Each structure stands twice: as structure tokens, then as C-alpha cells.
Amino acid sequence: MQLSVIILNYNVKNFLEACIKSVQKAIQNIDAEIIVVDNNSTDGSREMMKLVFPEISYLFNDYNAGFPKGNNQGVALAKGKYLCILNPDTIVAEQTFTSIFKHIQNLSNFGILGCKLIDGSGNFLPESKRGIPTPWVAFTKVLGLYKFFPNSKLFNKYYAQNISETENGKVDILVGAFMFLERELYLKVGGFDEGCFMYSDDIDLSYLSLKEGKQNYYFSEVSCIHFKGESTLKDGAYMNRFKEAMQFFYRKHFSSSIIFDAMMDVGISLFALKKKTEIVKEKYKPEKYLLLTKDIQHINEINGISVVEFSDFDELIFYLEKNIQKNLEILYDSNYFSHDLYIKTLERFKNLGFTFKLKPANSEFFLGSNDKNDRGEVLFLK
């Protein structure tokens, strides 16, 4: 078997359904399998898997085993030569894996490959490519110094800003939302370290690949949506977990660092102060829905919001170009239009005042998130 896609789920039933359906389209012409591990979800994920995907290998834990162990359990069942570790709150395009298989043929000493991740509004997620988080590099991340000095080698290493989001290149660290590698390498380094704190597991696996003499790569020509905010909110608890994760990484691979602890304490204090001054955003409500589907039902409104239906993609694009900054939300039916086209539309119209939601094939809901910090929303039609 060529490929095993491992998806670890925890209480994101609707996003998991959308993710699996996108992967199914992406592996149609590949000898591949999907393996889902569930960390004791209580949202009906188990029932959904049995009903919608009875043919897919599904392991249900009766406790939350965590990210490292859950993925290791999935890999233990895998038969593919290659693995893709994939978050459940992601959407992949139809050509994702065929493009990757073609690309890695030209890579020397291939270790782990990551792709270009975007959020639910089409904006690039910088964690798609990263450098080794030394104490100084981690400090520049916590304080956000990389934002102010993106071209400085002193400040831009955390997000590997020496490589643009549209370039392919060698990087040190990749993100656990999408990691493509040989199963042999995964098993050789011991997989994800089950002693890892949250947020250090993907850093550790990437670094172990480097220690094996392998090279990790960022592949910009494949874009994948990572709704992201659905699983993690950035708050004080997040910053403390980030500190613990970095401490774990340093203790395992380097000597412990008093300097790092001091840097992180200062950074977390400044972060907390900044959070206190932030204004909480009101929940976004669009003025109008634009529904793209071949199944025209002449729907006039959804939840009190008017709907304009389109059966032709070019007509929708023409309408969008004439109505920039009009607080419109695009509802996209993947029964009739590709995930690849949806991803390209997000990237084309990002930051222009539009929001987007995707309807998985043969489902009765749309889902999406409006930015990387948005926990995501599911819009039911019935």
C-alpha cells in the first residue's frame, strides 16, 4: 500500500466528516487507506463514523490518550509505505497527494514534508514552516518580534521567514496538522514522544528526523485549509503550555536553560498584559449568503439572512468582484464543485470582507471559520 492517512479526532464531529470526505477524493487514484483514532469524543463522532464511514478503520479510545499516543496507535495499524499525519479540522484538495508523490521524487534525503496551510479565510498560517526553537527564537515568537522584523535573521527564525509562503524549500520544523513522511522513518525514530507536552510533539518529531540525517521540506504548491481555531484558543493557558512544551524539548535534546525560563516568564507577563487591553470581537453576522450549488432550491433565507443562489462559478466570481467589502458569506457546495477550487477561491478573496463556509458532499450543513482564532461554526440547513 502506498499511503496511510492518520486522523486523530477529539470532539470535532462535523469537521472530521468534512476532512474525511476531502481525503477520500484526494486518494481516489492512490492505493491508500484512512485510519481514524478517536480520543473518547462525546459529541457523537463515534456514531457518525459508524453511520457515514463504516468502511474506514476506526479506533475509539475510552479515554483521552493525547496527540502523541493517539497518532502512534493509528500508525501501528497502518500498512502504507508513506504516512500523512492529518488534523481532523483540515480540508485537502483533490491533487494533494499525487502532487506530493511527484514532488518528493526530486528531493534529496527526504525526511518530512509539510504543505502550505491556510486558515478558514484563506490567510497563510506561518507555522507551516519553522526553525528550531532555541531559547532566543522562542522568545522572539512569544513577543511577536518576527512581525516587526520579518527580514532580520535575528528575529525571523521561528517561522522560517527566509523562505516565503510561495517558495519551496528546506526547513527544520513542521507542524503536526499535516506531516508527510515514510512510515519507516516514523517507526525508526519512535514516532511521537508520548511524554511530550502539547505543542512540542511535532517539533520533537521534526528534530528527530534531522538527527537521523534527513532533510525536512516545505512544499508551497499544495495548499490545505486548517481551521485551527476550532481546536485551540490563544490565551494565558496556551502561553504556559507553550513554555512547558519548549522546556520539554530542551530537556530532551539540549541542556536545561535558566535563560529560557526567564525569557518566557517575561514574555508571558507581557502577553497577559496585552490580552487585558484587547477588545473582544462581536460574533460576525453576514448581511447576505451567496450559495454556490447545482442543486438550486430557490432558498430565500437561512436563519433570517437573505440568500442569493448561483449554479455557475464564474457568475459567483463576477458578483464578488463587484461587491467587495459587502459583508457577504459564500456557501460552497462540494457536491458539485471541487475542494481545490474552494481553496483557490479563499486565497484569491482573502482580506476583502468575505467569509466562507463549505458543505461536505452528501451532508446537510456548512462549516468554516472566519480567521485563525475563530473556533469555527457549523451552519445547519435543516
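Q: Which residues of α1 are buried?

A: This is a predicted model in which local features need pLDDT of at least 70, side-chain atom pairs count only at pLDDT 80 or more, and totals for chains, interfaces and linings use all residues. Residues are numbered from 1 along each chain as its sequence is written, and side-chain values use heavy atoms, with hydrogens and water left out. Buried means under 20% relative accessible area (1.4 Å probe, protein chains only). In α1, the buried residues are N14, F15, L16, E17, A18, C19, I20, K21, S22, V23 and A26, so that helix is mostly covered.

Q: What span should helix α1 have?

A: Helices are DSSP runs (H or I, at least four residues), numbered from the N terminus. The expected span is 1.5 Å times one less than the number of residues. For the 14 residues of α1 (residues 13-26) this gives 20 Å, and the end C-alpha atoms are 20 Å apart, in agreement.

Q: Why is helix α8 described as largely enclosed?

A: Helix α8 (residues 201-211) is largely enclosed by the rest of the structure because nine of its eleven residues are buried. Among them are I203, L205 and Y207. Just after α8, G213 takes a positive phi of about 85 degrees.

Q: Where is K129 placed, and which backbone oxygen does its side chain reach?

A: K129 lies in the loop between β6 (110-118) and α5 (135-142). Its side chain reaches the backbone oxygen of A160 at 2.9 Å.

Notes
Helices (H or I, at least four residues) and strands (E, at least two) are DSSP runs, numbered from the N terminus. Buried means under 20% relative accessible area, exposed over 50%, partly exposed in between (1.4 Å probe, protein chains only). A polar contact is a pair of N or O atoms within 3.5 Å; within protein, one must be able to donate a hydrogen and the other to accept it, and residues adjacent in sequence count only if both atoms are side-chain atoms.
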